[in-house]
Every structure is written in structure tokens, then in C-alpha cells.
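Please examine the sequence and the structure before working through each solution.

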Amino acid sequence: AVKKNAPNAQLVSLAERARGLRLTSVKVSEGMRTGSFRSCFRGQGIEFDGVREYERGDDVRSIDRNVTARSGRPFVRIYREERELTVFLVVDDSRSMRSLSGSFSRRDKALEAAALLAFAAERNASPVGSVVFDSSPGRAFPPRAGRDRVLAILSDLEHRESREGGTALSGALAGASRVLGNRALVIVISDFRSTGYETALGMLTRRHDVVACRVVSPADLSLPDVGYAPFRDPETGARESFPTGSPVFRARWEKEGREAIHHWERECLRRGVSPLVISTEEDTGAELARFFSARGERAF
């Protein structure tokens, strides 16, 4: 994961960061395997699928002693679920995701989270697909297994051009429903600064296991005292000034920000969606690993 004081993540390409992201994705893939496989396909079991060379972070208990002895290099046994877990990413690339109020923009964190989840799916030999949206849904990548699919998805996200304002979250969710056949783990990564998407989100949960990952920034909950400051809505371009020097105003800003998150979490749970909040200032890999591991514990 990227450190808090590192340079803006967008300045370093995913190709340059791929090795580090793959290492970080180890714990995410373990949590995803135990949490999501069991929640989607409880009782299906696993079967032996082959061996591969040991990589840093692998559980030493999975080392295949016979193959290791014959080859002189450590190999681990790998397994696959009797039913595949398909992973599908719905990623927000609207203008509100690109605003910067801390070390990283929401888009930086969304891109990092998408990369970690895609690499984790690859590590689990899971088919992975995606759709990215801003003012309209972009190209949909149907789920496929393999590194080429992962790199195509991340390239599509990283090199998108910013278009006019608006957030087509509802359309992207509806598109995911059309693309996906069998039950899948659908992970929606967004700031959820949109309206009218709730029905489409609820319908998605009728067939799929849905995780809503809300990316928040420091400014969502706290404003610095800089006097009467101008603000600009990145989606509409509307401008307005607020009295950030007022303790009453700052307290109300924080209260309304927290209430908005709590309301969103309640709505997700009511519709059968698992909510996850990730701050632009937190370790993305650690938060994802913790979330999926906790799901695994609840599955038993």
C-alpha cells in the first residue's frame, strides 16, 4: 500500500507499482478467498488444482514437500473452489473522485483498491471483470481469468480521459447486472456522491454478493480554518463561499458528513449490501484485508 506521505499515486503508473501491489494483494486474496468464497458458496468445498513456486507471503503450511524435494525449490499446493468465484469491479471515475484535499485524491485510492482487488482475484485464479463510469458507463470488461485481463482492466482505468460532470452510477450498476451471468462478488468503488442509484444497487444483490466501498477524504469530515473560503462543485462547476473560520460551521460540516456516511451504511445493509469505508489517508491493502477476513469469520 502507498504510504501517507508518498507522492501522489497518479504520478506513478500502475505498471511501475505492479510488483508492490501484487505483494500487498497477498493478504487481500487470502481474506477474499476465505470470506467471499464461503459467503457466496458455503459448503461447496475445494479441490486440489496443482502447484506453483513459493512466493513471499505464502503460508508455509501449504508447501508441497514432495515437489519441493524433487525440484530443490519450494513449491506450494494451490486449490480451487468447486465453483469459481467471479469478481466484478464497478469503479467511479467521475470528477468528484479527482478532487484533492489530503495526500491523495479519491481517484488515487479507488485506482489502488481496484488494482489490489484485481491482483487478489488473479492470485485466486478467479475471473475478473469491470466497468468504469463517470457521466456515463464506459467499456465493460466481461469476467475472464488471467494476468492479461487484469492489466487490460487497470490500463482502462488509469488512462481514461476526464469528461463532463455527472455520475452514472445507476447505469453502471444496471450494466453490471446485464454483463454478469452466474453469481459473482461485485465490488462498487465510489464516493457515492450521486442519487437515484439505490434501486439498481438493491436489484444487483438479488443475484450477486455486493460490496460497496465508499472512498472518503479528510474534507468530508473536517475543514481547516482558512476564513471565508470559496468552494467549487467538481460535478456541476457551481461555486459558493463558506465561513470555515466559524467553529459552529465546522462542527455542523463534520456532523452532516458523519450522518451522511451513517445513513449510507444503513441503506446498504437494508438492501443486503456490505458497506466498507476507506479514507484516502488509510492503508488501502490493510483495510481491504481486514474487511474480507472479518467476512470470513462471520461466514462460519
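**Exercises on aromatic rings**

Trp253 is partly exposed, at 25% relative accessibility. The model is a predicted one.

**Exercise 1.** Determine how the rings of Phe242 and Phe249 are arranged.

*Solution.* A pair of aromatic rings is described by the distance of the centres and the angle of the planes. For Phe242 and Phe249, the centres are 5.5 Å apart and the planes meet at 20 degrees. Planes under 30 degrees apart count as stacked. The pair is therefore stacked.

**Exercise 2.** Classify Phe242 and Phe249 as buried, partly exposed or exposed.

*Solution.* Buried requires a relative accessible area under 20%, and exposed requires one over 50%. Phe242 has 21%, so Phe242 is partly exposed. Phe249 has 9%, so Phe249 is buried.

**Exercise 3.** Describe the pair formed by Phe242 and Trp253, and locate both residues in the chain.

*Solution.* The centres of Phe242 and Trp253 lie 6.2 Å apart, with 65 degrees between the planes. An angle over 60 degrees counts as edge-to-face, and this pair is edge-to-face. Phe242 belongs to strand β9 (residues 239–243) and Trp253 to helix α7 (residues 247–270). The two residues are 11 residues apart, and their pair links distant parts of the chain.

**Exercise 4.** Which residues do ring pairs link into a cluster with Phe242?

*Solution.* The cluster joins Phe242 with Phe231, Phe249 and Trp253. The structure holds eight aromatic pairs.

Methods:
Residues are numbered from 1 along each chain as its sequence is written. This is a predicted model: local features need pLDDT of at least 70, side-chain atom pairs count only at pLDDT 80 or more; totals for chains, interfaces and linings use all residues. Side-chain values use heavy atoms; hydrogens and water are left out. Rings of Phe, Tyr and Trp (its six-membered ring) pair if their centres lie within 6.5 Å; planes under 30 degrees apart count as stacked, over 60 as edge-to-face and the rest as tilted. Buried means under 20% relative accessible area, exposed over 50%, partly exposed in between (1.4 Å probe, protein chains only). Helices (H or I, at least four residues) and strands (E, at least two) are DSSP runs, numbered from the N terminus.
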